[in-house]
Amino acid sequence: RRRPRQLRGLARGEAWRLPPLGIVWQRTGAKPWLRLALSFEPVGDLSAAAAALIAPPRLLEVATDRKTLSVCDDLCFCAAPRPAESSGAAAPWAASTVQYARSCRAARPEGSECGKPAVAQRSPANRASGTANQFFAYTPSRGAARCTVSASHLGLVLVVYRSCGRLGPQQPVGFGNTERRRTLRVSVPCESGQPLFIYWSAEYAPGSFLFAVSEEPGSSAHRHRAL
């Protein structure tokens, strides 16, 4: 065990990133979790109890199985159940625990994040739930130059993104809704093999609906330039 590392105090609204940590431990079947604790000390006249209410200690539990350590990404973070007092209610100053494990990623519903999208096909029969926000990934086929998403249903909100990164969907290229009309049609440039991320918002709870994805080929000159 090493002594806790002391960090300088932060001004209000200031952020500070922890340095990368290198940790070596003995792998055993009896201890599948590696636990790290981050705590905060009161500043000035602030009592320890008041400081805990403002900034409760944080615990990070990292699963040590091979798949978690080799293939996990940002979607492997999730909140663990908080400890409870004898009365059964969680203490407001109790340490909140964040887990990093493959099981966290597996528990996320398909389509809930652009990093774990459902798959859309070139078909008029793709189905969205309409009760939860959903991401679909569509990969254009060879020769595609424009891709179109269409649907006929009230209460729809659609955004098409070109990419998905650590912070979520990026580069919006198309938007549409059915606030004023029942039919929605959004056409965007697309490229073979480069996925588009289709996001359906459930803000207006439209209920289950079908949507279509279609393609249009580019001209021969366009394809020649692409080569």
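The questions and answers that follow concern a predicted model.

Q: Which element gives the largest share of the largest nonpolar core?
A: The largest nonpolar core has 22 residues, and F136, V149, L158, I198, W200 and F211 touch the most other members. Two or more residues come from each of β7 (134–138), β8 (144–152), β9 (157–165), β11 (183–189), β12 (196–201) and β13 (209–217). The largest share of this core amounts to four residues, and the element that gives them is β8.

Q: Which aromatic cluster includes F136?
A: Leaving aside neighbours within four places in sequence, F136 is in contact with a set of residues that includes P117, V119, R127, L196, I198, W200 and F211. Two of these contacts, W200 and F211, are also named with F136 among the residues that touch the most other members of the largest nonpolar core. The aromatic cluster in question is formed by F136, W200, F209 and F211.

Q: How many residues apart in sequence are the parts that the pair of F77 and Y100 ties together?
A: The whole structure holds six aromatic pairs, and F77 and Y100 form one that is tilted, at 4.7 Å centre to centre with 55 degrees between the planes. F77 belongs to strand β3 (residues 77–79) and Y100 to strand β4 (residues 96–100), so the parts that this pair ties together are separated in sequence by 23 residues.

Q: Is Y100 buried or partly exposed?
A: A residue counts as buried under 20% relative accessible area. F77 has a relative accessible area of 34% and is therefore partly exposed. For Y100 the relative accessible area is 17%, so this residue is buried.

Q: In which sense do β3 and β4 pair?
A: Four of the five residues of β4 are buried. With strand β2 (residues 58–63), β4 pairs in the parallel sense over five bridges, and E61 stands opposite Q99 in β4. Between β3 and β4 there are three bridges, with A79 opposite V98 in β4, and the sense of the β3 and β4 pairing is antiparallel.

Q: Which parts does the disulfide of C78 and C104 tie together?
A: C78 and C104 form a disulfide with their sulfur atoms 2.0 Å apart. C78 is partly exposed, with a relative accessible area of 26%, whereas C104 counts as buried at 5% relative accessibility.

Q: Is the disulfide of C72 and C76 left-handed or right-handed?
A: The S to S distance in the disulfide that joins C72 to C76 is 1.9 Å, and both C72 and C76 are buried. The torsion about their S-S bond is about -95 degrees, so this disulfide is left-handed.

Q: What is the handedness of the disulfide of C147 and C190?
A: The sulfur atoms of C147 and C190 are 2.2 Å apart. C147 lies in strand β8 and C190 in the loop between β11 and β12, so the pair ties together parts that are 43 residues apart in sequence. The torsion about the S-S bond is about 85 degrees, so the disulfide is right-handed.

Q: What is the pairing of the bonded cysteines of the chain in sequence order?
A: The structure holds four disulfides, among them the one that joins C72 to C76 and the one formed by C78 and C104. With the bonded cysteines numbered in sequence order, the pairing is 1-2, 3-4, 5-7, 6-8.

Conventions:
Residues are numbered from 1 along each chain as its sequence is written. This is a predicted model: local features need pLDDT of at least 70, side-chain atom pairs count only at pLDDT 80 or more; totals for chains, interfaces and linings use all residues. Side-chain values use heavy atoms; hydrogens and water are left out. A nonpolar core is a set of buried Ala, Val, Leu, Ile, Met, Phe, Trp, Tyr and Cys residues joined through side-chain atoms within 4.5 Å. Buried means under 20% relative accessible area, exposed over 50%, partly exposed in between (1.4 Å probe, protein chains only). Contact means heavy atoms within 4.5 Å. Rings of Phe, Tyr and Trp (its six-membered ring) pair if their centres lie within 6.5 Å; planes under 30 degrees apart count as stacked, over 60 as edge-to-face and the rest as tilted. Two strands pair if DSSP finds at least two bridges between them. A disulfide is a pair of cysteine sulfur atoms within 2.5 Å.
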